[in-house]
Amino acid sequence: MKRKKIIVILLIICLIVLIILGITYYNAKKEKEQTGKPLTPLVDPKEDDVLNISGFGIFFEKYSGNLKSSEIAEHLDMITTTYLPEMFNQVKEYDTQQINEYYSNNADDIKNNLGIENVENFTSFLQKLKNLNEDLNSWYRLDLIKDTFTDESDKEDYAYVEYEVSLKNDHKLKFSLYISRNATTEPTYIIDVID
């Protein structure tokens, strides 16, 4: 007898929960229909400290190389969220001699991460970043610009695409990206600022 009462109570609780969920769903659907917009997310994507990434489906569709789109996305995530902000904040006030020393001490990292193979190109890259006059730590979104993708670029054995990094102040930074079609080709990635 006691067991039947517990089962009945549990069924009543489940029924109440289902009714509440149904009412919530109906109200949300009604609000969406009235406003024409989905409900506002609880977390602002500009403030959640996660880089929102889109457009990487292009690598499934058109890229003939042997890098996985997840590898490319992971590299761009790391470059955008960590490498560029840290590196730039360290060197942005350096004079020419200090930049030369920095490049000399970090040439392998710079080549592996950005594909920059000499100090002149590195200096030019830094100057473009300075000219943008933006806080590189204020990223929140990265979008590949699909219509710029080409599997055979002007650099032999590299695909090409442009991408934008959206900042919290609603400004956008635009970059070019060459991606090796063969994982053994170095540098694997060549990134530059589009001004």
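Predicted model: local features only at pLDDT ≥ 70, side-chain atom pairs only at ≥ 80, totals over all residues.

Reader: Why are H3 and H4 called roughly antiparallel to each other?

Author: Helices (H or I, at least four residues) and strands (E, at least two) are DSSP runs, numbered from the N terminus. H3 and H4, the latter being residues 96-114, pack at an angle of about 160 degrees, their axes 12 Å apart. Axes are lines fitted to C-alpha atoms, for helices over the stretch in contact, and angles run from 0 to 180 degrees between N-to-C directions. Angles under 35 degrees count as roughly parallel, over 145 as roughly antiparallel, 65 to 115 as roughly perpendicular and the rest as oblique. H3 and H4 are therefore roughly antiparallel.

Reader: Which residues make that contact?

Author: Contact means heavy atoms within 4.5 Å. On the H3 side, those involved include His75, Tyr83, Leu84 and Met87; on the H4 side, they include Tyr102, Asp109 and Leu114. By class, this contact has nine nonpolar, four polar and one charged residues. Here Ala, Val, Leu, Ile, Met, Phe, Trp, Tyr, Cys and Pro count as nonpolar, Asp, Glu, Lys and Arg as charged, and the others, Gly among them, as polar.

Reader: What makes H3 and H5 roughly perpendicular?

Author: Their packing angle is about 95 degrees, with the axes 11 Å apart. H3 and H5 are therefore roughly perpendicular to each other. Leu84, Met87, Phe88 and Val91 of H3 meet Phe122, Phe125, Leu126, Leu129 and Lys130 of H5. That contact has eight nonpolar, no polar and one charged residues.

Reader: What makes a space a cavity, and what makes it a pocket?

Author: On a 1 Å grid over the protein atoms alone, a cavity is a set of points where a 1.4 Å probe fits but cannot get out, and a pocket is an open set with protein on both sides within 12 Å along at least five of seven lines; lining residues have an atom within 4 Å of a point. Grid points are joined across faces, edges and corners, and a volume is the space filled by probe spheres set on the points. The structure holds one cavity of 30 Å³ or more, and about 70 Å³ of space lies in the largest cavity. Its lining is Thr80, Leu84, Leu136, Tyr163, Val165, Leu167, Leu173 and Phe175. E3 gives the most to this lining, with three residues. By class, the cavity lining has seven nonpolar, one polar and no charged residues.

Reader: And how is the largest pocket lined?

Author: About 160 Å³ of space lies in the largest pocket. Among its lining residues are Leu114, Phe125, Lys128 and Asp192. H5 supplies the largest share of that lining, four residues. The lining divides into five nonpolar, four polar and three charged residues.

Reader: What is the phi value of Asp157?

Author: Phi of Asp157 is near 70 degrees, a positive value in a residue other than glycine. Asp157 is found in the loop between E2 and E3.

Key. Residues numbered from 1 in each chain as written. Heavy atoms only, no water.
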